[in-house]
Amino acid sequence: MQLTIIAIVAFFFLSGNGWAVDASPKDDAYHYMANGVDDQLYNEWWYFNVADNDTQLQVVYLLSDPDNISSERKILVQAVAMQDGQPHAMGKHHSRGYGGDRNSPMFDIDKSGFSTEEEPNLRVWGEVEDSATGDPIRWDLIYQPTARPWFAIPVQVHIGHLKGDWIKWLVYMPSAQVTGTLTIGNRTKSLQGTGYHEHAWGRFALSDPQITRASVSVPLDGFSLAFAEILGEQRVAFLGVEKDGKRIVFSEKQIKINYSNSNYSFDSMTAGIFPDAYIVEADNGDYTLDLAVDVQKSAATTLDYRPPLPSVLIFQQVSILQGTLKSKSGEKFSFQEQGFSGFTAPRLHPIFGRINTSTNNSTSSNITIVARNERTGQQKMTNVASNGFYSLDANFLDYLADRTAPWVAEGDRVKLEMMGQGGANSTVAVVLSINLSEDRQEVNL
């Protein structure tokens, strides 16, 4: 009895002004319980990744609006497999039901799921169909943790633009040794690599906040790192490091993220732009961390909702994370390792194109695209990717302002301008007439 009580009590670890809460296996179980309050906004996901030399796999199990109150229910498993020299294999499987245990990590969606395998290990398995080839993608893996779990967001916090919305976020395996198999079509590969597992849940609109996240670990050095920044009505951020069994946590106000205008990439499949390199700086008084995230591979996935509700655009990424952790007493640890990152943003009706900088001797790093809806007067601005592409779209705040036609309506005229450094007018583009029957519209400047 005494051991049971000890296992479920949360302990607080202080490091400077940062704090975190330890977690138990029950915390990684599913949490949904119908109570009649905003259950149509309920979302819960479990995310797993593994890297083994030239192969990386990322898997998400999602439970969204499980009782289908909004008629937008999503119970699914999604997988992205990346192998050097091969096209990305990616797909998702939708289901009408799920099974789980509220007291231990166990969840299943048809042929996919996870469960405890000789605690604290987890067995993670599943199957989806490659959306491009139709080939099956199967995985059967054992995750053995090599770092302690911790609550990155232990107390409900407001993350979007809806009153009373909230999220909790659990980093259940900051670092794990992963073994098993990955099969794509008729090719099976044995995996023996490093993995990570997180779990988040709450009541919020899934297409509302913008989320940037990254994780990396070096088990031989006793090092792991997990970071996320969530932008909604307010900013929420966390950053936790474990080194040689010592947990070091930075609070939201101690974390700064810097995006460079020249470090954006354009995805031609979704007409979305994402940061492909950024800097994170953190200082809690006892430790400082300088972190650079450099995206090496990226796969765009979407969760679609019926317009005019924005859908969700998710970039699953493999990145190089490089940085230095320094203590106030002078100790220093530097790392440069392959890890994972991600970027999530709303998507409704992107307007995109490529700029021509030859006429004014400008570069994409000092160009801003400005779009103005002639009917409403609403104006939007966006950055330009390093290859000259831009993309702009509605967000969830637009949807709340006008749920029938967020930002643009059918037939609206949108004037686009290419602004040079200092706000000088460089080029006035065509006036675009909006056609919402198209998935996206292209305007080259």
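Colleague: Which residues lie nearest the centre of the second largest pocket, and how many residues line it?

Modeller: First, the ground rules. This is a predicted model, where local features need pLDDT of at least 70, side-chain atom pairs count only at pLDDT 80 or more, and totals for chains, interfaces and linings use all residues. Residues are numbered from 1 along each chain as its sequence is written, and side-chain values use heavy atoms, with hydrogens and water left out.
Now the terms. On a 1 Å grid over the protein atoms alone, a pocket is an open set of points with protein on both sides within 12 Å along at least five of seven lines, while a cavity is a set where a 1.4 Å probe fits but cannot get out; lining residues have an atom within 4 Å of a point.
Here, 18 residues line the second largest pocket, and Met 90, Ser 131, Met 269, Ala 300 and Thr 301 lie nearest its centre.

Colleague: What is the volume of the second largest pocket, and which strand gives the most to its lining?

Modeller: A volume is the space filled by probe spheres set on the grid points, which are joined across faces, edges and corners. The second largest pocket comes to about 400 Å³. Strands are DSSP runs (E, at least two residues), numbered from the N terminus. Strand 23 gives the most to this lining, with five residues. Strand 5 (74-83), strand 6 (89-95) and strand 23 (287-303) each supply at least two.

Colleague: How do I read the lining of the largest pocket by class?

Modeller: Ala, Val, Leu, Ile, Met, Phe, Trp, Tyr, Cys and Pro count as nonpolar, Asp, Glu, Lys and Arg as charged, and the others, Gly among them, as polar. The largest pocket has 16 nonpolar, nine polar and four charged lining residues. Its volume is about 750 Å³. Of its 29 lining residues, Gln 210, Phe 343, Ala 345, Pro 346 and Asp 393 lie nearest the centre. Strand 25 gives the most, with four residues.

Colleague: How many cavities of 30 Å³ or more does the rule count?

Modeller: The count is four. The largest cavity has a volume of about 300 Å³. Its lining holds 21 residues, with Trp 45, Val 60, Leu 206, Ile 314 and Thr 344 closest to the centre. Strand 24 has the largest share, four residues. By class, that lining divides into 15 nonpolar, four polar and two charged.

Colleague: Which residues line the second largest cavity?

Modeller: Trp 150, Pro 174, Ser 224, Leu 225, Ala 226, Gly 240, Val 241, Glu 242 and Arg 247. Strand 16 (223-231) and strand 17 (235-243) give two or more residues each. About 50 Å³ of space lies inside.
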